[in-house]
Amino acid sequence: MSVLLAISGMPLDMWQREFETLLPDMNVYTPGEPFDRRAIHYAVAWRHPPRSLNGLPNLAAIFSPGAGVDHLLRDPDLPHVPIYRVVDADLTGRMSEYVVLHCLLHLRGLLRDMQNQRQRHWAPDPLQPAAGNVRVGIMGMGVLGRDAAEKLLHIGFDVAGWSRTPKDVPGIAMFAGEAQLPAFLARTDILVSLLPLTEETRGVLNKSVFSGLARNGRIGRPVIINAGRGGLQNEADILEALGDGTLGAASLDVFETEPLPVDSPLWDHPSVIITPHSAAMSDHEAISRRVASQIRAVQAGETPEGLVNVTEGY
Ligand code: NDP
Ligand code: OXD
């Protein structure tokens, strides 16, 4: 049995060494090497080189070393085999760190304090709200959204969640589907996006959604935080909404084009915080261990955690 690492944009030799150690009974190949294509049963793919997953007659499953699978599903020739994505405590914990960091930063008006600092201007906010006065709305209440929601709840934020299908989450006001989106937005001061990029969610962070956010929040104008995918956001709409006061600030980890082009006006905007798709950087050792255990489970005829619903796109 052999594994193909169809990975780009990450150090391939590091992943190959890791999988060779974790799966000593398997050969681990990369697309540039000579190998018998009939021997490949499993592929680990991240932004795979074009057609690298085709012509593998015994391929049984594809594993994404990331939580998102939009990079796989956009391949029109993707083989029809089960796809598994990573569900990992290390990655989940890192994403919650990012979300909590940015919610607290906007709660405390840190952007304003930093601008004041640069002007040597001492200006405490006498009306500074507490977490309990601020309503966070999380779009995407899956593995990542739910963990972040629980941590925000623990800090004291007033938290709501929005998902595709209805669900109950203790302590959190839950909304589902298009029909309940307006009510969810209307009670949201800080909008956090942890959605997958699918046909339904593409461009969801747009002018109409921004104008539906709460206008009576204790932090002033509403704020957005997007750590899902860049394809969820309309960057022209974000800039317009920041310009006309519909939005007060934005924390963006993901972008329509990555790396963010040097001429993007987002770089210089005083109310935008940019991070380079690093909200939850994968620890390659933890992720390799997770994927190797998924491969072992499939090999044993089991269905490991992380099976992707290809029809829904996540
Ligand atoms: P999950 O699949 O566990 O959760 C996805 C959530 O989104 C679910 O709650 C789902 O609803 C909801 N959802 C999907 N489609 C819709 C829709 N049309 N309308 C409303 N809600 C919808 O994913 P994860 O939490 O593990 O990851 C989320 C995303 O985070 C990934 O797909 C990836 O793009 C991104 N990510 C970004 C990283 C970064 O570094 N910036 C790192 C890791 C992930 P339901 O519960 O009803 O199914
Ligand atoms: C992921 C990511 O999907 O890092 O895991 O973006």
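How far from an oxygen atom of ligand 1 does a backbone N or O atom of leucine 144 lie? The distance is 2.9 Å in this predicted model. The views below start from that contact.

**View 1. Backbone and side-chain contacts to ligand 1.** Leucine 144 places a backbone N or O atom 2.9 Å from a ligand 1 oxygen. Valine 143 does likewise, with a backbone N or O atom 2.9 Å from an oxygen atom of the ligand. Lysine 167 uses its side chain: an N or O atom there is 2.6 Å from an oxygen atom of ligand 1. The protein buries 92% of the 950 Å² that ligand 1 exposes when taken alone.

**View 2. The shell around ligand 1.** The shell holds 29 residues, of which Arg85, Thr165, Lys167, Asp253 and Tyr314 come nearest. By class, 15 are nonpolar, eight polar and six charged. Helix H3 (89-107), helix H5 (143-155) and strand E7 (158-163) each give two or more residues.

**View 3. The site of ligand 2.** Trp46, Gly66, Ala67, Gly68, Leu91, Arg229 and His277 surround ligand 2. Three of these shell residues are nonpolar, three polar and one charged.

View 4. A backbone N or O atom of alanine 67 is 2.7 Å from a ligand oxygen. Arginine 229 has a side-chain N or O atom 2.7 Å from an oxygen atom of ligand 2. Histidine 277 also has a side-chain N or O atom at 2.7 Å from a ligand 2 oxygen. On its own, ligand 2 has 210 Å² of accessible area, and the protein covers 84% of it.

Definitions and conventions: Residues numbered from 1 in each chain as written. Chains lettered and ligands numbered in written order. Predicted model: local features only at pLDDT ≥ 70, side-chain atom pairs only at ≥ 80, totals over all residues. Heavy atoms only, no water. Near = heavy atom within 4 Å. Polar contact = N/O pair within 3.5 Å; in protein donor to acceptor, adjacent residues only side chain to side chain. Areas by Shrake-Rupley, 256 points an atom, 1.4 Å probe, with all protein chains shown as cover. Helix = DSSP H or I, 4+ residues; strand = E, 2+ residues; numbered from the N terminus. Nonpolar A, V, L, I, M, F, W, Y, C, P; charged D, E, K, R; others polar.
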